[in-house]
Amino acid sequence: MFGVFIWMSPLGAAIPAEFNAAELAMMRLQTYAFALSGVTGLGTLVTAVAAARFAAEAARQSRRSADLAREAMISSERAWLHVDVQLAGPVVHLEDGGATVRVAIRMRNIGSSPAIAVHASAALVVDAAQAPVALRDFAARHRRPNELRGRMLLPQDSHERVVEVRVSAEEIAAAPRHPRWRPAVVGVATYQLIQDRSVRQTAFCHAVSRLGSGERRFQLTVDRPPPLELTQLDWANGGFAD
């Protein structure tokens with residue numbers, strides 16, 4: 001009894017017996033070519049994806065390099081405001097129990113380009129120990145350009161503004177060592193860079209102290225404010241420039 005041989009294609013399909021060897025070889029060749037084209041297509045897709053990712057990363061790095069170069073150029077050519085604060089009058093206790101003091105804020109552009117929309121603001125804090133926290137909140141509230149009241153300062157130009165700051169009777173009564181207290185003047189000079197209109201600040205924090213020795217140097221008395229010649233501003237933590 002003779003066996004029947006059935007040829008199978010490389011893909012598992014039966015090949016009719018009437019196919020001769022040449023046709024069988026051609027079919028196998030076409031099947032292999034089809035399979036090879038699939039592998040080649042997959043390789044091309046993987047290569048394309050990798051190339052796209054490489055291009056995207058290269059673009060990101062290029063933008064990053066451009067941003068760094070731009071920031072370096074701005075830093076070397078930008079405006080910088082130096083701020084000096086001085087008492088412009090004594091501490092005055094008001095009839096309603098509050099207190100006020102006048103300070104002169106002198107701003108000077110020590111940078112290499114104009115500062116625009118320059119404006120100074122200040123406040124009086126009843127307790128110098130809390131002044132750094134109060135300064136951060138105060139600076140955040142004033143981080144905006146004041147184009148209406150601001151001015152331009154060219155390099156090496158300066159401008160002085162006298163500001164009256166005050167605290168209420170309720171704030172003084174809440175001072176930790178009442179009737180002794182040690183207030184502080186906090187404030188900011190806010191301005192814009194001419195290069196990119198970004199808002200920058202120079203912030204200051206100064207305790208109001210009484211001249212003297214020992215404990216008397218650092219505290220004021222509510223009912224006996226010192227005269228101007230016995231009052232001074234001491235540097236306190238919290239100031240910054242950005």
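I began with the S4–S5 pairing: strand S4 (residues 92–93) runs antiparallel to S5 and is joined to S5 by 2 bridges. I take strands as DSSP runs of E, at least two residues, numbered from the N terminus, and two strands as paired if DSSP finds at least two bridges between them. The model is predicted, local features need pLDDT of at least 70, side-chain atom pairs count only at pLDDT 80 or more, and totals for chains, interfaces and linings use all residues. Residues are numbered from 1 along each chain as its sequence is written, and side-chain values use heavy atoms, with hydrogens and water left out.

I located His-93 opposite Ala-99 in S5. S4 and S5 form a hairpin with 5 residues between them, and Gly-97 in the turn has a positive phi of about 95 degrees.

I then looked up the other partners of S5. Strand S3 (residues 81–87) is antiparallel to S5, with 7 bridges, and Val-83 stands opposite Met-107. S5 is also antiparallel to strand S8 (residues 158–167), through 10 bridges; Arg-102 has Glu-164 in S8 as its bridge partner.

I checked burial (under 20% relative accessible area, 1.4 Å probe, protein chains only). In S5 (residues 99–109), 8 of the 11 residues are buried.

I turned to the largest nonpolar core, which has 34 residues; a core is a set of buried Ala, Val, Leu, Ile, Met, Phe, Trp, Tyr and Cys residues joined through side-chain atoms within 4.5 Å. Ile-105, Met-107, Trp-181 and Val-185 touch the most other members. S3, S5 and S8 are among the strands that each supply at least two residues of this core. I noted another core, of 13 residues, lying apart from it and including Leu-135 and Val-186.

How values were computed. Buried < 20%, exposed > 50% of the residue type's maximum accessible area, 1.4 Å probe, protein only. Helix = DSSP H or I, 4+ residues; strand = E, 2+ residues; numbered from the N terminus.
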